[in-house]
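Q: Could you walk me through this one, starting with the helices and moving on from there?

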Amino acid sequence: MRATALIFSILLCEAALAQELPKTTAESSNYRSTSRYDDVIAFVAAIQQADPDIRVETFATSNEGRALPLVIAGPAGVVDPRSAHATGLPIVFIMANIHAGEVEGKEATQMLLRDLIASSRKLRDAMVVLIAPIYNADGNEKISTDHRKTQNGPPNGVGVRENAQGLDLNRDYMKLESPEARGLIANVFNRWDPLLTVDLHTTNGSFHGYALTYSPMLNPNASGDLIDFERNTLLPHIREQMRTKHHKETYYYGNFLNQLSPDKGWYTFDSRPRFGNNYVGLRNRFTILSEAYSYIDFRARVEVTYEFLHEILNGVEKYGKKMLRVAARADEQIRRGKLRKAGVRFEIKPWKEMEILWERCVLADSTTGVPEPENPGETPHHVRRTGEILPIKMTDYGVFAPTERDEVPFAYLLDAKAQNAVTNLRTHGIVVERLTREIQLDVDRFEIRGAKLEEHTFQGHHELTLTGKWKSRSETFPAGTYVVRMNQPLARLAFYLLEPRSDDGLFNWNFFDSSLEGEIAPLRRITKATGIDATIVSEK
Ligand SMILES: [Zn+2]
């Protein structure tokens, strides 16, 4: 074929491709509607039709039986985790719609996917992108205009926050009571081990001047090197790109303690790993929580989320190699037993004095007297907005510090009866072994001084807070006793799950309630390196 003819046929192919590329429901409805589950599935199928290198897996089946798609967009030849890891490239996982009333992530990830087979195809030479566009599919299908009424569209309504069990999937990362969360951990985090996870949401709270706010991991038990890299390099870079390329202001997620008195400070949310961003940090991996601003319209929220995703991927293209090294070093330090102490309970702390964009608000006409400050994160109903955005110097309460710490042991021992706990640990990907023969060991046991059950239920639980002390003794353990060694890469997570005083562990979530009659917690810890004959539990 002559060169001109070849060029002409290439142009024809590109034109055909452009014509065939699907539109999202948001686009085709002029941003009046968000995608239904079937729309997303049809969109992904059309993308696959246009580019057969795009793969799709099912990572979980929802309570109502919907297969949850994980779309894989990497270099040609990447078909599974093994081929992805063999490339040595960063793996980025983007998840949307965990809260199915917060829908712009679902639309923006579809648009991003379309770019990854067309205009942004070359990003796939630098990384593997995994996309879960519709995590809470069951919640999504309950679309109604009655949901999230303070959110600015889409006018035809959105889904609900909870899954079909009534669970908030962004509180289920530790206890894993939903099939969605169990599938996410087993089939995305354990199989693909993404270097960076991006979780897409919408705000509900304060009136501020940012189109989008974001958060890194907030639990101080995550590797300090990962936290520092995100806060000092990756997030400032993305923020600067959002400002210079897209002319949009973004900042760390938070809320004013009092919308009427911004000088009282800006507060981030929570350090507990029941939240995905904090959970991923405990796995020695990077994470970005994205919160589009609820009060800008749906089209603007889709747009800013889409731009933010592009800038994240550009950031990974720039810093991915460095990020891989930081994460590998965090794993290696644990293998070498460098993790000695970690927090069990935490408090919020001032991070920096910052100029933060506040929307000036005044007391609503109907309000009499100055009300108590709202809880940060709640929509301030007693105020009237003025539309005036002002930079105000205030304290950013953006970090947490431990109030109590404890030793990270050599290993934990669990009674052979603790099968529920062991199932949970293994679903997280934590290696659990069993003693092959009876053995006498010097151990610590946890003597319980106080056990307080929360009066109110949360996610179907009365959360339990234990107080007490570790005491040393010698004990004999039968063959079959479970062993969790703490020189494995997921040791930060294992510590958080197993420490009796942990604010988000298995004791907190009532896994051990039935064995708490005595004064002794039903696990032991070994603090000194000890030879133990054990085999890895591999039965399902
Ligand atoms: Zn949310």
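Q: Which strands does helix H8 lie across, and how does it run relative to S10?
A: Helix H8 (residues 224-246) lies across strand S6 (212-215), S7 and strand S10 (286-292), and runs at about 40° to S10. Contact means heavy atoms within 4.5 Å, axes are lines fitted to C-alpha atoms (for helices over the stretch in contact), and angles run from 0 to 180 degrees between N-to-C directions. Helices (H or I, at least four residues) and strands (E, at least two) are DSSP runs, numbered from the N terminus.

Q: What kind of model is this, and what pLDDT do local features need?
A: It is a predicted model, in which local features need pLDDT of at least 70 and side-chain atom pairs count only at pLDDT 80 or more, while totals for chains, interfaces and linings use all residues. Residues are numbered from 1 along each chain as its sequence is written, and side-chain values use heavy atoms, with hydrogens and water left out.

Q: OK, in what order do the eight strands of the open sheet come?
A: The order is S1-S2-S4-S3-S5-S10-S6-S7, with mixed pairing, where two strands pair if DSSP finds at least two bridges between them. Strand S1 (55-61) and strand S7 (250-252) are at the edges with a single partner strand each, so one side of each has no neighbour in the sheet. From one strand to the next, the twist averages 25°.

Q: How do S3 and S4 pair, and which residue is the bridge partner of Ile91?
A: Strand S3 (residues 91-96) and strand S4 (residues 128-132) pair in the parallel sense over five bridges, and Val128 in S4 is the bridge partner of Ile91.

Q: Which strands does H7 lie across?
A: Helix H7 (residues 179-192) lies across S1, strand S2 (67-73), S3, S4 and strand S5 (196-202), and its direction is at about 140° to S1.

Q: And how do H3 and H5 cross?
A: The axes of helix H3 (residues 37-50) and helix H5 (residues 104-116) come within 10 Å and cross at roughly 10°. That makes H3 roughly parallel to H5, since angles under 35 degrees count as roughly parallel, over 145 as roughly antiparallel, 65 to 115 as roughly perpendicular and the rest as oblique. Among the residues making the contact are Phe43 and Ile47 of H3 and Gln110 and Leu113 of H5.

Q: Switching to the four-strand open sheet, which strands are at its edges?
A: That sheet has the order S8-S9-S13-S12 with mixed pairing, and its edge strands are strand S8 (255-256) and strand S12 (352-363), each pairing on one side only. Within it, strand S9 (residues 266-267) and strand S13 (residues 383-397) run parallel, joined by two bridges, and Trp266 has Asp396 in S13 as its bridge partner.

Q: How do S17 and S18 pair?
A: Strand S17 (residues 439-453) pairs with strand S18 (residues 464-477) in the antiparallel sense over 14 bridges, with Lys452 opposite Thr465 in S18. S17 also pairs with strand S20 (residues 520-526), in the antiparallel sense over three bridges, and there Asp444 stands opposite Arg525.

Q: Last topic: how much space lies in the largest pocket, and which residues are closest to its centre?
A: About 540 Å³ of space lies in the largest pocket; on a 1 Å grid over the protein atoms alone, a pocket is an open set of points with protein on both sides within 12 Å along at least five of seven lines, a cavity is a set where a 1.4 Å probe fits but cannot get out, and lining residues have an atom within 4 Å of a point. Grid points are joined across faces, edges and corners, and a volume is the space filled by probe spheres set on the points. Of the 27 lining residues, Arg171, Tyr253, Phe269, Phe275 and Gly377 are the closest to the centre of the largest pocket.
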